[in-house]
Amino acid sequence: MSFLRSREFALALILAAMLLAAWRLDPRFVQPRAQMLLATHVWELAIVAVPMLLIVLSRGIDLSVGSTVALAGVCLGLAHERGAPPALAILAALCVGAAAGALNGWCVARWGVHPLIATLATMAAFRGLAEGVTLARPISGYPEAIARWSQAPWPTALFLLLAGAAAFVLARTVWGRWIVAVGYEERAARFAGIPVDRLKLALYTVSGACCGLAAVLLVARNNTAKADMGMGLELEAITAVVLGGASIDGGKGKVSGLVLGLALIHFTREFVSWHWKRTELNLVVIGALLIAAVLLERALDSGKGSRRTS
């Protein structure tokens, strides 16, 4: 019975209702061939959202993920343009992403800057740097060794690996307990001897490295690296995390909820573009889902409170 009152069950019902409505309006959308094609659009978001969940659990936030993806992507493009082998160009993207994430972690952990302020500043700085080093020009023409990263099963396998690792860390390791403890009460965690600064630095560095990985997939899929790639990715990632049941106040959230949140965002967004042919409506859809997530959270919390009092 507890599962029937859970966030995951509510999200599963909403997702099923949405797919049923999509099937009634346009049966072609739910066909396997169409879904296999549309699935390529979700993996960058999914890979970025996994470390975002861990950061939110620790009562942090990373608004710079979209800009980090852009910076890592153009670095991959510049490395390729200068004759670097594909493996070295991909490694450059991963390293630049990790370095950008480490800078966020350093600002938050060592300098004590609030995560919202720190990552808001680097969001603008990383995007501006990406535009500056490329003079806002696209970089295209990548070899098959890079293009194949966007082909099945690589994106799916990478996401499953990351999601499985995150679930294992949260459920089975001391690092997972530390993340939740810091999210509940950071001061108490420090008194308990938890290395809070090192933990935050690690989380933001991992987030940056995942942004570098998402940049590789995005460049491989579009065959182009541009300074405006990854626009709005931070909003979608935060929406997926909150929609999946993670509390923005930290300390509460599950990988299973994140997966359902990602699925709901993906199917809703793709159906809007598919049926109405208007991609500009996607921001409205994401905003509506974020509001729905907050209302659902309030409804579930009030229901739990009424059961406790009764």
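## Terms and basis of the model

A residue is called buried when its relative accessible area is under 20%, exposed when that area is over 50%, and partly exposed in between, using a 1.4 Å probe and protein chains only. By that scale E81, with a relative accessible area of 39%, is partly exposed.

The structure is a predicted model, in which local features need pLDDT of at least 70 and side-chain atom pairs count only at pLDDT 80 or more, while totals for chains, interfaces and linings use all residues. Residues are numbered from 1 along each chain as its sequence is written, and side-chain values use heavy atoms, with hydrogens and water left out.

## The largest pocket

A pocket is an open set of points on a 1 Å grid over the protein atoms alone, where a 1.4 Å probe fits and protein lies on both sides within 12 Å along at least five of seven lines; its lining residues have an atom within 4 Å of a point. The largest pocket holds about 630 Å³ of space, a volume being the space filled by probe spheres set on the points. Two or more lining residues come from each of α3 (43-57), α11 (196-222), α12 (233-243), α13 (255-276) and α14 (282-309). Such helices are DSSP runs of H or I with at least four residues, and strands are runs of E with at least two, numbered from the N terminus.

The lining comprises 21 residues, and H41, R221, M231, E236 and R269 lie nearest the centre of the pocket. By class, the lining has six nonpolar, eight polar and seven charged residues. Here Ala, Val, Leu, Ile, Met, Phe, Trp, Tyr, Cys and Pro count as nonpolar, Asp, Glu, Lys and Arg as charged, and the others, Gly among them, as polar.

## Salt bridges

A salt bridge requires a side-chain nitrogen of Lys or Arg within 4 Å of a carboxyl oxygen of Asp or Glu; the count by this rule is 10. One of them pairs R269 with E236, at 2.8 Å from N to O. This pair links distant parts of the chain, as R269 belongs to helix α13 and E236 to helix α12, 33 residues apart. Both R269 and E236 are buried. Elsewhere, salt bridges with shared partners join E186, R190, D197 and K200 into one network.

R137 and E81 form another salt bridge, their closest N and O atoms lying 2.8 Å apart. R137 sits in the loop between α6 (115-134) and β1 (139-140) and E81 in helix α4 (residues 65-81), so this pair ties together parts that are 56 residues apart in sequence. R137 is partly exposed, at 34% relative accessibility.
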